[in-house]
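Please look over the sequence and the model below before reading on.

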Amino acid sequence: MAERLPIAVLVSGTGTNLQALLDGVHGREAEIVAVASSAAGVAALDRADVAGVPWRAFARADYDSRELRDAAMADWLEQHGARVLVLAGYMQLLAASFLERFPAGVINVHPSLLPSFPGLGAIEQALDYGVKVFGVSVHFVDAGVDTGALILQRAVELPGARTPEQVLAALRPLEHELLPQAVRLLARGAVRADPQNPRRTLVDPAPGADAR
Ligand code: GRF
């Protein structure tokens with residue numbers, strides 16, 4: 001079997017996406033070498049602890065500036081050998097200088113069909129707009145807000161949805177499927193930029209799978 005891709009997961013909250021990665025790819029296609037949080041005491045860190053993965057909180061209040069906090073976090077992630085970073089509910093922006101330290105890729109899961117409804121409150125934005133089709137995007141992170149190249153997307157029709165809870169309940173299983181799937185693709189080296197249009201990623205189908 002190919003070598004496992006060393007990844008670190010960045011979290012801020014409950015960590016259900018982290019759990020999906022622990023259950024779906026950790027010790028298989030990838031090795032979660034570290035979990036970093038923007039806040040102490042969040043449930044995601046308990047999940048890392050239970051799984052025996054090194055974890056640490058980097059609270060903004062503990063540093064003089066965001067840049068110093070991000071630099072300390074990047075140092076720690078590098079020390080643990082992370083090549084690819086996975087933002088799994090990480091609720092803070094990362095500067096370009098941070099992203100440049102992980103050239104193999106930083107990816108994020110977002111609860112909308114980007115480029116619609118970037119940023120905070122994506123589900124509420126979509127509900128307010130009155131859309132009938134919701135969805136999930138996994139994308140590369142660049143210095144913008146949810147503007148990086150898309151890797152995977154999945155849509156779900158919810159014409160009767162009225163509350164964020166209803167939408168979240170439908171989107172959560174999609175997130176928990178797509179984020180591990182994206183990590184598997186990266187571990188296989190199956191994602192590359194389209195030379196015709198670098199905004200578009202080309203995803204090589206798994207051996208034996210139908211190209212869609
Ligand atoms: C997810 O809905 C993700 O799309 C968003 O934040 C949420 C994180 O949930 N960016 P969890 O912490 O993984 O449970």
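**Helix contacts and the ligand site**

In helix 1, the residues Thr16, Asn17, Ala20, Leu21 and Gly24 meet Arg172, Glu175, His176, Leu179, Pro180, Val183 and Arg184 of helix 6, where contact means heavy atoms within 4.5 Å and where helices (H or I, at least four residues) and strands (E, at least two) are DSSP runs numbered from the N terminus. Sorted by class, this contact of helix 1 with helix 6 has five nonpolar, four polar and three charged residues; Ala, Val, Leu, Ile, Met, Phe, Trp, Tyr, Cys and Pro count as nonpolar, Asp, Glu, Lys and Arg as charged, and the others, Gly among them, as polar. The model is a predicted one, in which local features need pLDDT of at least 70 and side-chain atom pairs count only at pLDDT 80 or more, while totals for chains, interfaces and linings use all residues. Residues are numbered from 1 along each chain as its sequence is written, and side-chain values use heavy atoms, with hydrogens and water left out.

As for geometry, the axes of helix 1 and helix 6 (residues 164–187) come within 9 Å and cross at roughly 50°, the axes being lines fitted to C-alpha atoms, for helices over the stretch in contact, with angles that run from 0 to 180 degrees between N-to-C directions. That angle makes helix 1 oblique to helix 6, given that angles under 35 degrees count as roughly parallel, over 145 as roughly antiparallel, 65 to 115 as roughly perpendicular and the rest as oblique. The crossing of helix 1 and helix 6 is right-handed, a term used if the near helix is turned clockwise from the far one by less than a right angle, with anticlockwise giving left-handed.

Helix 1 (residues 16–24) also packs with helix 2 (residues 43–51), at an angle of about 20° and with the axes 9 Å apart. Helix 1 and helix 2 are therefore roughly parallel to each other, and their crossing is right-handed. Thr16, Leu18, Gln19 and Leu22 of helix 1 make this contact with Ala44, Arg47, Ala48 and Ala51 of helix 2, a set with five nonpolar, two polar and one charged residues.

Several of these names return at the ligand, which is surrounded by Thr14, Gly15, Thr16, Asn17, Gly89, Val109, Pro111, Arg172 and Glu175, each with a heavy atom within 4 Å of it. An oxygen atom of the ligand lies 2.6 Å from an N or O atom in the side chain of Thr14, and for the side chain of Thr16 the distance from a ligand oxygen atom to an N or O atom is likewise 2.6 Å.

Phe117 is placed in the loop between strand 5 and helix 5 and has a positive phi of about 60°, although it is not a glycine.

Helix 5 leads back to helix 6, since their axes come within 10 Å and cross at roughly 120°, and the two helices are therefore oblique to each other. Ile123, Glu124 and Leu127 of helix 5 make the contact with Pro164, Val167, Leu168 and Leu171 of helix 6, and these residues divide into six nonpolar, no polar and one charged.

Key:
Polar contact = N/O pair within 3.5 Å; in protein donor to acceptor, adjacent residues only side chain to side chain.
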